[in-house]
Amino acid sequence: IDSLARWRESGEFDDRERACLGLQEAVVAGSVGDDVYSECARHFAHGEYVELALTAAAYVMVPRVLEALRVPLDEDILDHAPRLN
């Protein structure tokens with residue numbers, strides 16, 4: 001888990017895992033470039049790619065829906081700031 005913040009430089013991940021992490025990062029950023037798509041196509045079947053993209057998109061959707069519905073957050077996580085890079 002500690003290696004995820006520096007997944008590009010970490011030796012913990014193989015090429016397939018890096019392709020997946022690149023896709024997840026791109027989906028969260030809102031822009032999946034041709035380079036990310038091409039790298040994923042080297043490692044995943046189309047159906048697998050769809051599942052990975054949908055999973056990342058679902059996790060991006062959750063906080064947006066919670067905010068739109070005004071779901072109150074627990075006090076202990078109000079100021080949580082995850083380290084993404």
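These legends go with a few close-ups of a predicted model. Local features need pLDDT of at least 70 and side-chain atom pairs count only at pLDDT 80 or more, while totals for chains, interfaces and linings use all residues. Residues are numbered from 1 along each chain as its sequence is written, and side-chain values use heavy atoms, with hydrogens and water left out.

**View 1. Helix α1, end to end.** Helix α1 covers residues 15–29 (helices are DSSP runs of H or I, at least four residues, numbered from the N terminus). At the start of α1, a side-chain oxygen of D14 comes within 3.1 Å of the backbone nitrogen of R16. Just past α1, G30 has a positive phi of about 90 degrees.

**View 2. The buried side of α1.** Here we look at A19, C20, L21, G22, L23, Q24, A26 and V27, the buried residues of α1 (buried is under 20% relative accessible area, exposed over 50%, partly exposed in between, with a 1.4 Å probe and protein chains only). They pack against α2 (34–43) and α3 (contact is heavy atoms within 4.5 Å).

**View 3. Y59 out on α3.** Y59 sits in helix α3 and counts as exposed because its relative accessibility is 66%. Its C-alpha atom is 22 Å from that of H43, 16 residues away along the chain.

**View 4. L69, after α3.** L69 lies in the segment after α3 (46–68). With 60% relative accessibility, L69 counts as exposed.

Technical notes: Helix = DSSP H or I, 4+ residues; strand = E, 2+ residues; numbered from the N terminus. Expected span 1.5 Å × (residues − 1). Polar contact = N/O pair within 3.5 Å; in protein donor to acceptor, adjacent residues only side chain to side chain.
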